[in-house]
Amino acid sequence: MPQVASSVCVPDPGETPPSGALEAERRAWMAVLARAAGEAIAARLADLPDLPSWHVLRGPESGLVMVRGRAGGGGLAFNLGEMTVTRCSVRLTSGQVGHAYVAGRDLRQAELAAAVDALLQVAALKPALARSVVAPLAAEQAVRRADEAGKAAATRVQFFALRTMR
Amino acid sequence: MSTASAVDLPGFAAPVDAAQRCFRAVLDAMAHPGRIRGMGGGLVAPYPLSPATAAVLLTLVDGDTQLWIDPGAAAARDWIAFHCGATSANSIESASFVLALSLPDLASLDLGSHERPEASATVILQVPTLGAGRHYRLVGPGLRQGGEVAVGGLPDRFTRDWAENHSLYPRGVDLLLCAGEVLAALPRSVAIEAL
C-alpha cells in the first residue's frame, strides 16, 4: 500500500510563475516527465550508459491534493475535487536535487521523473538526456494529444449551421 | 552543489511507521517524567541536530504548527522546511513548538490560557548529555517515589525558571530533552530540584 502523504499545498493559479529561462525549461521537462509512464521513462533511460546514482530524499509516496478551479478562468476560486498524486524527491551523488509530482499512484514513475529532473540539471548529461529521453516522450505525447483532439473535433456540433438551416 | 539550499539528507525511511513509533515514545516519555528512552536510532540528522531532535521534529511538527528555530540551528532550517513543511513562527512568543539548542526564557513563551492550557508551547531542547551531567530530583504525577534525571548543559537558572513555570499549572510549557539518540520529557506538572 502506498503511504498517505500529508496534505500538499497546491499553488494558487493566480500566483505569478517564476521567471527566467531555466525555470521555463525545467517546467517544460517536468511537465513531459509527469505525463510519461514509468516504463516509458525506464526504457529511454536504459539506452543511456553510466548515469550517476541517486538516493531518495522523500517518498515516493501517494496522497491527495485538492484541485482548485475558477469559472471562466476569472471567477472566484472553488474546490473542484481531490485527486491522487504521487511525489518523490531524489538527490544525485553529485548533489543535484530533483523533484516530481505526478498524477496517479505510479511510484516508479515518480521516482524516475524526479531522477531525470535531477540528471537534467547536470550540464554534461543534459544534451544526451534531452535528446534521447525528453524529446521522444514529448513527441509521443504531442501525437497522442493531436489524435485525441482530432477525434473530439469530429464530434463538434456547429450551432451556427443549425440556425441557418431553419 | 546545484542549489544554495540543497536538502542533503532523507527523513524517516518509512515515514508512517517511524512517526507512529516516535509519537508513542514521546507519549511514554511524557507519562514517565525523566525516564530516558531511545529516539531516532538510525536516522541521519542534519547538522547541528541530534538524531533524537530530528526524529521529534519529524514526528510532531507539520504544516499546521508554528515552529521557532534557534538561530544556532539555522543550518538545519531547509531540512526542517522540506521534511516537516513547518511554517516558521514570526516570534518565539507565538510559536507552538520551540526548537532550542540552549534553554530559552520559559516565561517569554506561549504559556497557554486557563481556557486552553493545552495550547501552550512545547520546547524541544537539545542538550549535550542525558543520563550524565548534573542530577535533578523530580516530584509529580507519574512518579510514585519521585524520580531523578541527569542532564548536562542546563544553566544554573534552570531550576528557578522551572519553578516559576511549574507554579503556573495547568498553564506552562512542556520540555522535551533530546541528546544523541535518547529523549526524556519534563512535563509542566513535575517539580524539579537540583541535587
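This is a predicted model: local features need pLDDT of at least 70, side-chain atom pairs count only at pLDDT 80 or more; totals for chains, interfaces and linings use all residues.
Reader: At what angle do the axes of H1(A) and H3(A) cross?
Author: Helix H1 of chain A, residues 21–35, and helix H3 of chain A, residues 107–119, have axes that cross at roughly 155° and come within 9 Å. Angles over 145 degrees count as roughly antiparallel, so H1(A) is roughly antiparallel to H3(A). The crossing in which H1(A) passes H3(A) is right-handed.

Reader: Which residues of H1(A) and H3(A) meet there?
Author: From H1(A) come Arg26(A), Trp29(A), Met30(A), Leu33(A), Ala34(A) and Arg35(A), and they meet Gln109(A), Ala113(A), Val116(A) and Asp117(A) of H3(A). Sorted by class, that contact of H1(A) with H3(A) holds six nonpolar, one polar and three charged residues.

Reader: What about H2(A) and H3(A), at what angle do they pack?
Author: Helix H2 of chain A, residues 38–46, packs with H3(A) at an angle of about 40°, and their axes are 8 Å apart. H2(A) and H3(A) are therefore oblique to each other, and their crossing is left-handed. On the H2(A) side the contact is made by Gly38(A), Ile41(A), Ala42(A) and Leu45(A), and on the H3(A) side by Arg108(A), Gln109(A), Leu112(A), Ala113(A) and Val116(A). By class, this contact of H2(A) with H3(A) has six nonpolar, two polar and one charged residues.

Reader: Switching to the cores, how many residues does the largest nonpolar core have?
Author: The largest nonpolar core has 37 residues, and those with the most contacts inside it are Met39(B), Leu57(B), Leu67(B), Ile80(B) and Leu99(B). Several elements of chain B give two or more residues to this core, among them helix H1 (15–31), helix H2 (51–60), helix H3 (77–84) and strand S4 (97–100). H2(B) gives the most to this core, with seven residues.

Reader: Pick Leu99(B); which residues is it in contact with, leaving aside neighbours within four places in sequence?
Author: Leu99(B) is then in contact with Leu49(B), Thr53(B), Leu57(B), Leu67(B), Trp68(B), Ile69(B), Asp70(B), Ala73(B), Ile80(B) and Ile124(B). Apart from this core lies another, of 30 residues, which includes Ala100(B), Leu125(B), Val151(B) and Val190(B).

Reader: And how do H2(B) and H3(B) pack, at what angle?
Author: H2(B) and H3(B) pack at about 35°, with their axes 9 Å apart, and the crossing is right-handed. In that contact Ala54(B), Leu57(B) and Leu58(B) of H2(B) meet Trp79(B), Ile80(B), His83(B) and Cys84(B) of H3(B). The residues there divide into six nonpolar, one polar and no charged.

Reader: Which residues of H3(B) are buried, and what do the buried residues of H3(B) pack against?
Author: Trp79(B), Ile80(B), Phe82(B), His83(B) and Cys84(B) are buried in H3(B). The buried residues of H3(B) pack against strands S1 (54–70), S2 (77–92) and S3 (97–103) of chain A, together with H2, S2 and S4 of chain B.

Reader: Last one: which residue follows H3(B)?
Author: Gly85(B) follows H3(B), and the phi of Gly85(B) is positive, near 65°.

Notes: Residues are numbered from 1 along each chain as its sequence is written. Chains are lettered from A and ligands numbered from 1 in the order in which they are written. Side-chain values use heavy atoms; hydrogens and water are left out. Axes are lines fitted to C-alpha atoms, for helices over the stretch in contact, and angles run from 0 to 180 degrees between N-to-C directions. Helices (H or I, at least four residues) and strands (E, at least two) are DSSP runs, numbered from the N terminus. Angles under 35 degrees count as roughly parallel, over 145 as roughly antiparallel, 65 to 115 as roughly perpendicular and the rest as oblique. A crossing is left-handed if the near helix is turned anticlockwise from the far one by less than a right angle, and right-handed if clockwise. Contact means heavy atoms within 4.5 Å. Ala, Val, Leu, Ile, Met, Phe, Trp, Tyr, Cys and Pro count as nonpolar, Asp, Glu, Lys and Arg as charged, and the others, Gly among them, as polar. A nonpolar core is a set of buried Ala, Val, Leu, Ile, Met, Phe, Trp, Tyr and Cys residues joined through side-chain atoms within 4.5 Å. Buried means under 20% relative accessible area, exposed over 50%, partly exposed in between (1.4 Å probe, protein chains only).
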